[in-house]
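Subject: Structure handover

Hello,

Here is the structure I promised to pass on. My notes follow below it.

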Amino acid sequence: MGSPAGGPEGPPLRSPAGRVSLVGAGPGDPDLWTVRAARLVREADLVLYDALVDAVALRGLTEAPCFHVGKRAGRTSVKQETIHKLMIRAARHGKHVVRLKGGDPFVFGRGAEEAIALAEAGIPFEIVPGVTTAVAAAELAGIPVTHRGVATGFVVLAGHTSQALDGALGAIAPNSLTVVVMMAVAGRAEVAQRLIAHGWAAETPAAIVCGASTPESWSWTGRLNEFDTVEIPDGVAGVLIVGDVVTVRAALVREARDEAREASYGRN
């Protein structure tokens, strides 16, 4: 006969108060957290946060234990299954767990995997959307992912799996949409090669935006076939943006420069 709930052979008795909030923390700047995200962090009993979350700002909002469980390419990281177990165990002990995820939980954030694990374990949970880096990185660099007369749509792809990237590009007419590629800065030369192989013009305007909304923010613009010539700052996550919308940035920069010059004349 098995042990009663909470015994050495069974799971601990679950408190009705135990739950998990899967919360998007935006691209990096804590000022871009939603009001709901900040409130949930303040209310949390435990916070499990990703690599791109501002740890200083996080600890300024809560006295709850905060553990870094984020993943970064080429670095040792916590296994996804371990993250599931940590959330489930804490919730079964009556804790309110906030899983604070970079960007939006459901945009290449493995949020759906975590939600499924919680659902299968019978743990109450909620999804709190965040500002997705896929759009914010381009926007903060002055690049709209859509623009009237230039691009009527955009597609967001993951660039770390070559086969999946090929499959997605095969379904897109060359130079028809803005392409945003995440998790692909290290493989940017291969991404360019694959786009060109699928019919994209080598001269297509392109951009790289790293550390969007953070003090490490850095960006480059040029052409698709120049990706392999760009030197990227070490340890900064980024996205690739390909499409004619990249040219809008130049117009915005030029307009800002003209306004600054006019303001300077006015002071003189």
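Start in strand S4, where Val 97 is the bridge partner of Val 20. Strands here are DSSP runs of E with at least two residues, helices are runs of H or I with at least four, and both are numbered from the N terminus. Before going on, note that this is a predicted model: local features need pLDDT of at least 70, side-chain atom pairs count only at pLDDT 80 or more, and totals for chains, interfaces and linings use all residues. Residues are numbered from 1 along each chain as its sequence is written, and side-chain values use heavy atoms, with hydrogens and water left out.

**The parallel sheet**

S1 and S4 run parallel and are joined by 6 bridges. They belong to an open sheet of 5 strands, ordered S3-S2-S4-S1-S5, with parallel pairing. Two strands count as paired if DSSP finds at least two bridges between them. Strand S3 (66-68) and S5 are the edges; each has a single partner strand, so one side of each is left without a neighbour in the sheet. From one strand to the next, the twist averages 15 degrees. Such angles run from 0 to 180 degrees between N-to-C directions, using axes that are lines fitted to C-alpha atoms, for helices over the stretch in contact.

Strand S1 (residues 19-24) also pairs with S5, again in the parallel sense, over 4 bridges. There, Val 23 has Val 128 as its bridge partner. S5 (residues 125-128) has two faces: Glu 126 and Val 128 are on the covered one, Phe 125 and Ile 127 on the uncovered one. Helix H4 (residues 111-121) lies across S1, S4 and S5 and runs at about 170 degrees to S1.

Arg 99 sits in S4 (residues 96-101). With a relative accessible area of 1%, Arg 99 is buried. Buried means under 20% relative accessible area, exposed over 50%, and partly exposed in between (1.4 Å probe, protein chains only). Beyond four places in sequence, the contacts of Arg 99 include Asp 50 and Glu 114. Contact means heavy atoms within 4.5 Å.

At a relative accessible area of 5%, His 96 is buried. Its contacts beyond four places in sequence include Arg 19, Glu 43 and Asp 45.

**The mixed sheet**

Another open sheet has 5 strands in the order S6-S7-S10-S8-S9, and its pairing is mixed. S6 and strand S9 (218-223) are its edge strands, each pairing on one side only. Within this sheet, S8 and S10 pair in the antiparallel sense over 5 bridges. Ile 208 stands opposite Leu 240 in S10.

**The cores**

The largest nonpolar core has 24 residues, and Ile 208, Phe 227, Leu 240 and Val 242 have the most contacts inside it. Among the elements that each supply at least two residues of this core are helix H6 (162-169), helix H7 (188-197) and strand S8 (205-210). A second, separate core has 16 residues, including Ile 143 and Val 180. A nonpolar core is a set of buried Ala, Val, Leu, Ile, Met, Phe, Trp, Tyr and Cys residues joined through side-chain atoms within 4.5 Å.

How many aromatic pairs does the whole structure hold? A search finds 1. The ring centres of Trp 220 and Phe 227 are 5.9 Å apart and the planes are at 50 degrees, so the pair is tilted. Rings of Phe, Tyr and Trp (its six-membered ring) pair if their centres lie within 6.5 Å; planes under 30 degrees apart are stacked, over 60 edge-to-face, and the rest tilted. Trp 220 is buried at 17%, and Phe 227 is buried at 0%.

**Helix H5**

H5 (residues 133-140) buries Thr 133, Ala 134, Ala 136, Ala 137 and Ala 138. What covers them includes S6, S7, S8 and S10. Thr 132 caps the N-terminal end of H5, with a side-chain oxygen 3.2 Å from the backbone nitrogen of Ala 134. Just after H5, Gly 142 takes a positive phi of about 85 degrees.

Best wishes

Definitions and conventions
A polar contact is a pair of N or O atoms within 3.5 Å; within protein, one must be able to donate a hydrogen and the other to accept it, and residues adjacent in sequence count only if both atoms are side-chain atoms.
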